[in-house]
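Please look over the sequence and the model first, then read the notes below.

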Amino acid sequence: MRAFPFVVLMIAMSPLTKSLIGTSIGPVAASLVLALAGSFYFARLVEQNLREVPRGIVEATESMGATPFTIIKVLLTEARSGLVLSVTILCISLLSFSAAAGMIGGGGLGDLAIRYGYYRYQTEVMIFIVIMLSIMVIGIQAIGNLLAAKLDKR
């Protein structure tokens, strides 16, 4: 699923969204596609972070007789800084995906950019939306970096 570009995924999932929620366009249909795309993307990011935890930590936890639940807690604790950065990447990606969801009437800034900035040739609207999206991305990244730095124990 991660191999699909988001715009292609929206189009490919239109029959599924139509059968599940009764429409293939609009904010609800876009939300379903966003949730699916985000879940696969997040699963890959979590997997990558958990693989970066040194094997020695897991072995030490196992040698002390830890239960599988305790091992999972240790893994999550060791990977928490990376997980915060992964959530940051996910949020920025979902913001980007939601802007693309404006193509199918998903609402939000993407819909506004397409309707007014692109179709009506209102360049100032397009510039404003690009600036707003840039500010949002910078803000999300700054908050994520700050949280990750506080959680990083290195």
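Does V130 count as buried, exposed or partly exposed? V130 counts as partly exposed, because its relative accessibility is 46%; buried means under 20% relative accessible area, exposed over 50%, and partly exposed in between, with a 1.4 Å probe and protein chains only. The model is predicted, so local features need pLDDT of at least 70 and side-chain atom pairs count only at pLDDT 80 or more, while totals for chains, interfaces and linings use all residues. Residues are numbered from 1 along each chain as its sequence is written, and side-chain values use heavy atoms, with hydrogens and water left out.

**Helix α3**

- Helix α3 covers residues 27–51; helices are DSSP runs (H or I, at least four residues), strands are E runs of at least two, and numbering starts from the N terminus.
- The 25 residues of α3 should span 36 Å at 1.5 Å a residue, and the end C-alpha atoms are 36 Å apart, which agrees; the expected span is 1.5 Å times one less than the number of residues.
- Buried residues in α3 are A29, A30, V33, L34, A37, G38, L45, V46 and N49.
- The cover over these residues includes α1 (6–12), α2 (14–21) and α6 (80–101).

**Helix α6**

- With 22 residues, α6 should span 32 Å at 1.5 Å a residue; its end C-alpha atoms are 30 Å apart, which agrees.
- Among the buried residues of α6 are S81, L83, V84, S86 and T88.
- Buried residues of α6 pack against α1, α3, α5 (68–78) and α8.

**Nonpolar cores**

- A nonpolar core is a set of buried Ala, Val, Leu, Ile, Met, Phe, Trp, Tyr and Cys residues joined through side-chain atoms within 4.5 Å.
- The largest nonpolar core has 11 residues: F6, L9, M10, M13, A30, V33, L34, A37, A100, A101 and I104.
- At least two residues of this core come from each of α1, α3 and α6, and α3 gives the most, with four residues.
- A second, separate core has seven residues, including V46, V58, L75 and L83.
- A37 touches F6, L9 and F97, not counting residues up to four places away in sequence; contact means heavy atoms within 4.5 Å.

**Aromatic pairs**

- The whole structure holds two aromatic pairs; rings of Phe, Tyr and Trp (its six-membered ring) pair if their centres lie within 6.5 Å, and planes under 30 degrees apart count as stacked, over 60 as edge-to-face and the rest as tilted.
- F6 and F97 are stacked, because their ring centres are 4.7 Å apart and their planes are at 5°.
- This pair links distant parts of the chain, with F6 in helix α1 and F97 in helix α6, 91 residues apart.
- F6 counts as buried, at 8% relative accessibility.

- V130 lies in helix α8 (residues 123–151), and its C-alpha atom is 9.7 Å from that of G110, 20 residues away along the chain.
- S14 is in helix α2 and is partly exposed, with a relative accessible area of 22%.
- The C-alpha atoms of S14 and G38 are separated by 17 Å, and the two residues are 24 residues apart along the chain.

**UniProt annotation**

- An unreviewed UniProt entry places the feature "transmembrane region" at residues 29–46, 83–105 and 125–148; positions follow the numbering used here, feature names are shortened, and annotations may be inferred rather than shown by experiment.
- Residues 29–46 are 100% helix and 0% strand, with end C-alpha atoms 26 Å apart.
- Residues 125–148 are 100% helix and 0% strand, with end C-alpha atoms 34 Å apart.
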